[in-house]
Amino acid sequence: MFPLSSARALFPALVLAFALVFFGDAPAGAASGPTPERTVDMAAVLKPGPLPELSIGDANGVPVVEYGSLTCPHCAAFAREVLPKFKTEFVDAGKVRFIFREFSRNPLDVAAFVLARCVGDDKALATIDLLFSEQDKWAFTESPLEPLLAAIRPTGLGHEKAMECLKDQAKADAMQKILKTAEDVVKVQGTPTFVIDGKVYGGELTLAELETILKPLVK
């Protein structure tokens, strides 16, 4: 005869095994995706700012907005590890319009973003990707100016021109306006922050999480 105490001890394991057979061993929240922190008026988010939009992809694609900082390690990790695959799967396929918004957390961010814009609005996104890839060489040093100028030099922006660009107060003021709009409209508190379909997601998103969010939105 099987002892009743043993049966009671075995019962939770049997329930777990039954659940795994029917529902799978999926992490919590995997089916529904990440939970947004809040909602926002998407039309207000997409309102043009003081500088030309930094975007790639079909203009009719689902807008995916990232607020990022060039001195943010999580933003750099997203740019290196997630964005290339995301571009291939969604942007290059014409499903998504990816928009990057400069969120300057400090004066070094302002300087780096101004330099990226100085390379050219049409080349700024590629320059930002370059600076993310070289982030550890310039963003965390005691004297970051020369390492930053060295990191951006492959774009063709020489030292003299770069120093002139850093005096462009109009671009620096524009960065502050972009920052203020992000804080006032989206309530961005940290980077990266993503806005998709009027929902705000704080923190770095994985490709799987982006796929889950976008699955019901893309054609």
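Student: Which residues is L207 in contact with, leaving aside its neighbours within four places in sequence?

Tutor: In this predicted model, L207 is in contact with V82, K85, F86 and E89 once those neighbours are set aside.

Student: And where does L207 lie?

Tutor: L207 lies in helix α11, which covers residues 207-214.

Student: How far apart are the C-alpha atoms of L207 and V82?

Tutor: Their C-alpha atoms are separated by 5.9 Å, with the two residues 125 places apart along the chain.

Student: Nice. How many residues does that largest nonpolar core have?

Tutor: The largest nonpolar core has 55 residues. Its largest share comes from α5, which supplies ten residues. Apart from this core lies another one of 13 residues, with M42, V65, V188 and V200 among them. As background, nonpolar side chains tend to be buried together in soluble globular proteins.

Student: Let's stay with α5, then. How many residues has α5, and what does it reach from its first C-alpha to its last?

Tutor: Helix α5 runs over residues 107-119, so to speak a stretch of 13 residues, and reaches 19 Å from first to last C-alpha. That is close to the 18 Å expected at 1.5 Å a residue.

Student: Why is α5 described as largely enclosed by the rest of the structure?

Tutor: Because twelve of its 13 residues are buried. Among the buried ones are L108, V110, F113, V114 and L115. The buried set also includes D109 and R117.

Student: What caps the N-terminal end of α5?

Tutor: N106 does, with a side-chain oxygen 3.1 Å from the backbone nitrogen of L108. Just after α5, G120 takes a positive phi of about 140 degrees.

Student: Which residues other than glycine have a positive phi?

Tutor: K187 is one of them, with phi at about 65 degrees, and D197 is another, at about 55 degrees. For context, most residues other than glycine have a negative phi.

Student: Where are K187 and D197 placed?

Tutor: K187 sits in the loop between α10 and β5, while D197 lies in the loop between β5 and β6. K187 counts as partly exposed because its relative accessibility is 44%. D197 also counts as partly exposed, at 42%.

Student: What about peptide bonds, which residues does a cis one join?

Tutor: A cis peptide bond joins T191 and P192, with omega at about -5 degrees. P192 has its place in the loop between α10 and β5.

Student: Switching to pockets: what volume does the largest pocket have?

Tutor: The largest pocket has a volume of about 230 Å³. It is lined by 16 residues, and the closest to its centre are K47, P48, G49, P50 and R101.

Student: Which element gives the most to that lining?

Tutor: That is α10, with three residues. The elements α2, β4 and α10 each supply at least two residues of the lining of the largest pocket.

Student: Last topic, cavities. How many of 30 Å³ or more are there?

Tutor: The count comes to one cavity of 30 Å³ or more. The largest cavity has a volume of about 60 Å³.

Student: And what lines the largest cavity?

Tutor: The lining is made by E66, A79, L83, F98, F100, L125, I128, D129 and F132. The largest share, four residues, comes from α6. Both β4 and α6 supply at least two residues each to that lining.

Notes
Residues are numbered from 1 along each chain as its sequence is written. This is a predicted model: local features need pLDDT of at least 70, side-chain atom pairs count only at pLDDT 80 or more; totals for chains, interfaces and linings use all residues. Side-chain values use heavy atoms; hydrogens and water are left out. The expected span of a helix is 1.5 Å times one less than its number of residues. Buried means under 20% relative accessible area, exposed over 50%, partly exposed in between (1.4 Å probe, protein chains only). A polar contact is a pair of N or O atoms within 3.5 Å; within protein, one must be able to donate a hydrogen and the other to accept it, and residues adjacent in sequence count only if both atoms are side-chain atoms. A nonpolar core is a set of buried Ala, Val, Leu, Ile, Met, Phe, Trp, Tyr and Cys residues joined through side-chain atoms within 4.5 Å. On a 1 Å grid over the protein atoms alone, a cavity is a set of points where a 1.4 Å probe fits but cannot get out, and a pocket is an open set with protein on both sides within 12 Å along at least five of seven lines; lining residues have an atom within 4 Å of a point. Grid points are joined across faces, edges and corners, and a volume is the space filled by probe spheres set on the points. Contact means heavy atoms within 4.5 Å.
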